[in-house]
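I opened my notebook to look up a few things in this model. Here is what I went through, in the order I checked it.

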Amino acid sequence: MQTTLLGLAIAFIIALLAALIGPYFVDWNQFRPQFEAEATRIIGVSVRVAGELDARLLPAPTLRLRAVTFGGNIDLGRLRADKLDVEFSLGSLMRGEWRATELTLGGMAVDLGLDAKGRVDLPSTASGTFNLASLAIERLNLTGRIALHDAASRSTLELNDIVFSGDVRSLAGSVRGDGNFTVGRTRYPFRISSGPSADGSATRLHLNVDPGERAILADLEGVLAFDNRLPKFDGVLTLAVPAVKKAGEPGPTPWKLTTKLKADPAGAKFDQIDASFGPEDSALKLGGVGDLRFGTSPLLRAVLSARQVDADKLAARNDAEPLRVLPALRAGLAAIPQAPIPAQIEFNSDQIMLGARPLQNITAELRTDGRSWTFQRLELRAPGMTQLSLNGAAPGADSFSGRLSVESSDPDTLVAWLQGRSEVNRRSTRPLRLAGEVTIAANHLAIDRLKADIDGGAVEGRIDFAQTGASKGSRINAELKADRLDLDAAASFVRALAGPQGEWPEEARLSLDIGRAISAGQELRPFTAKLGYGPAALSLEQLRFGQAGGVTTEASGSFDRAKATGRLALKSSANSLRELTALIEPCAPSVRARFDAIAPPLPGATRLKLDLSLDKNAEHADRSDARVVLDLDAPQLKATATLAAQAPAAAIGGIDIDRLRNSDFTLDSKVSAPQAGALLALLGLDQVAAAGEGASQFEGKASGAWQKPLQVNAKLSGGGLDADAQGSFDWSASKGSASLRVRNVNLAPLFGTRPADKSVQSVNLSARAIVSGGYDIPADQADIRASLTPIMTGLSGAPPEIQLFAAGPPDKLNRTIDLAPLSSWLAVRTIDRETRRLDAIERGEPPPATAALPTLVSPDPVPEPSVLDVPMPGRYPRRAPPKSKGAPTPKAPQAAPAVQSPPLASQQVTPLPPPIEVRPAPGPPPAKPKPKPPLVLTPQNP
């Protein structure tokens, strides 16, 4: 017995050793035909092993195959693998169960597809003796690719670089695991789980594709059934781009779409579509239905609607200007997910709030060819009774284009809405019509083949606007040709299309060819302009226009902003000075009024020339020399002005106004006129002084900086005028002071008398002048205050002041002169002088010599008093002499009657009485009286 047991043990050990060691000494490849035939019989599918074949029994049954193929060469469901390693559970095999502890399939290549009838093309396993549903796999590892073919559409979808790890409870459909795959160079993580349905006739499927390299999430859950190899699915589909996890981080626009899905090989139907676009608190929410057609010409169709949409809230903008919202909306359009197949989306809404104003009756149709979205049709009603339509859009890489048509009965309201203004500036009473080929992208707007009717003028050409980036700004190109065009209305409309109010593009290039242009109410015929500007240069290739009366203007020039160098030349000619100055009326009406005040308006050739040059400074490389020369040659006058300045080159290139204002400059000017009256009218002094006969000239010089006090010198001579002034003026404080010396002037206009009045002729005055005030440019209102203090020596007390006030438009100033301090000062001085003289006579002393009083108005000489008018004994010397019966007492001289005119002074000078002349009686002089203390009257300072 013991021997028998020992023999069995030895036999078992030998068998075990044979099972463990024997396979290593067995060449399994010689049994390849037998293995392939047996595997084909068991599985029911052709099996071919082109590589090595190896098997183990212990410690666990293991099978290793290389270059194995399941299925025939023409089978679409064929499976190929570079390697197949399977390890079975020994215990399960001994119980008669097929359970793999681990199955690894590397280098897998699977071709699955639908035939022309939509049935799944898989090799049949009905002839096999093995029940695949009974195979369970604890750990399944797959790498490789899967190709999905559709015979009807002749298309293929490939899932490459598949990596999957999971478990299989039954090959009949119980699968669970996760992995990732690549489609079109994009990596997608996924999770999948499946199991039998409640009745066992179908498979419940849940597939989740997480955001990977593309921030898109897909979730599909439902029941998958096969009816005679015809797949059908009924479930729910969710597609979404989730919001970024941290607020403030940049990321794509979030959106989400959920729908009930029923699909078969012919197509799919979407019921109860719920879509949202944008952040959760301001998302655009839509609802609708749709369908998807498969086959050779697949097409996705959907009809979506929204009762009311707030585009301002959707774009997260609080601006009232729609054009500030449009870039965000255009960027949102670019963020709409691209469909892999052609699609057609219809959208309609009763109202969309844009720029705080409603857009009504919106209907839009979006289409995509699988590459980009376009507007096939867009119709809406905008403010200003404007009907807008966009049709026939053609797809582009990242834009859409089509035929644009705009008809507005109230273009002023439309432009005000586009610019975000609540008030409407009425300037056009005619409707606006515009048509052209428009191209719209996220940062681009162009209108080609433009035909428009703007304020009654027909316009043709092209407009191109592009947003080049936050740091580079925007760019606009325009080429327009018209027989008649209102430049102000056209510029306002183009700016409304190009950008928000007050914002000019960083770059621009304009070409205008207009037969009759209107600017600021002036007609320019013809008008031709070609100009451009950008960060590197400014160029004016051509500017030429004419006006009624034979006025012509030409200009050209260019500037290099990097080097801060350039030239500009402008020439203008006319038949008279009045016609030439009409050019500056829109921008400087007060200056035009001063020229118009020159009388008489003599006809004659008038020429204006302006030369501007910028050159590098020879001593400082970082500075540039600027020089502007203005020449005016007219029959009434000749003028020359030269402005020379030094400024930092960087400030000139960057057009830094603040730094340019701090630059030092010198302005020299000279104006001469054959008649002095013309020069006084130009300077605005015709209401103060009267000119004599002959020529006169004005010379002036100002130096300093705009933000600092300017040193000013001025001289006026000729034609009965001789005056000069030196002082300073501070523009920032609107205040200045100067020393004024007048050696000869006729002040008849100032006092409202005739120029021939001798009392106001040949006035000689030295004074200190202090000027203050300001000028409101939008209101065209000036407010000027001047204080004149005469410069006098040898007199006690402070000298009087003359206050001058001027207010109103520069060409119609309302002047007021306050002479009350001067009148009081003169009266007190006269009383003091006469009192001193009377006291001296009473003491028997000769009258003291007194300084002559300064007078602006010289009285006429007083006739000698009669010899009878002498002091009598016992008579008080200050009492007026009795009237003589023999001869009339001479009357005080009367001023000549002045021409009736409105008063120019708040208080006129009170006429002073003639001086009292007292002579001693004939005969020996009386005895000197006892001296008395003198009576002295000292006037108070005004």
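I began with strand S31 and strand S32 (residues 603-616), which run antiparallel and are joined by ten bridges. Strands here are DSSP runs of E with at least two residues, helices are runs of H or I with at least four, and both are numbered from the N terminus. Two strands count as paired if DSSP finds at least two bridges between them. I looked up Leu 568 and found Leu 612 in S32 as its bridge partner.

I noted that this is a predicted model, where local features need pLDDT of at least 70 and side-chain atom pairs count only at pLDDT 80 or more, while totals for chains, interfaces and linings use all residues. Residues are numbered from 1 along each chain as its sequence is written, and side-chain values use heavy atoms, with hydrogens and water left out.

Next I went to the other partner of S31 (residues 565-576): strand S30 (residues 551-560) pairs with S31 in the antiparallel sense over nine bridges. Glu 554 has Lys 571 in S31 as its bridge partner. Four residues lie between the two strands of this hairpin, and Ala 564 in the turn has a positive phi of about 60°.

Then I turned to charged pairs. I took a salt bridge as a side-chain nitrogen of Lys or Arg within 4 Å of a carboxyl oxygen of Asp or Glu, and the count came to 25.

How far apart are N and O in the salt bridge of Asp 115 and Arg 119? I read 3.4 Å. Asp 115 is buried at 17% relative accessibility, whereas Arg 119 is partly exposed at 23%. (Buried means under 20% relative accessible area, exposed over 50%, partly exposed in between, with a 1.4 Å probe and protein chains only.)

I also checked Arg 743 and Asp 722, whose side chains meet in a salt bridge at 3.2 Å, N to O. This pair links distant parts of the chain, with Arg 743 in strand S39 (residues 735-744) and Asp 722 in strand S38 (residues 722-730), 21 residues apart. Arg 743 is partly exposed at 36%, and Asp 722 is partly exposed at 26%. Salt bridges with shared partners join Asp 722, Asp 724, Arg 741 and Arg 743 into one network.

Last, I visited Ala 678 in helix H12 (residues 676-683). Is Ala 678 buried or exposed? Ala 678 is buried, with a relative accessible area of 5%. Leaving aside neighbours within four places in sequence, I found Ala 678 in contact (heavy atoms within 4.5 Å) with Ile 598, Gln 636 and Ala 673.
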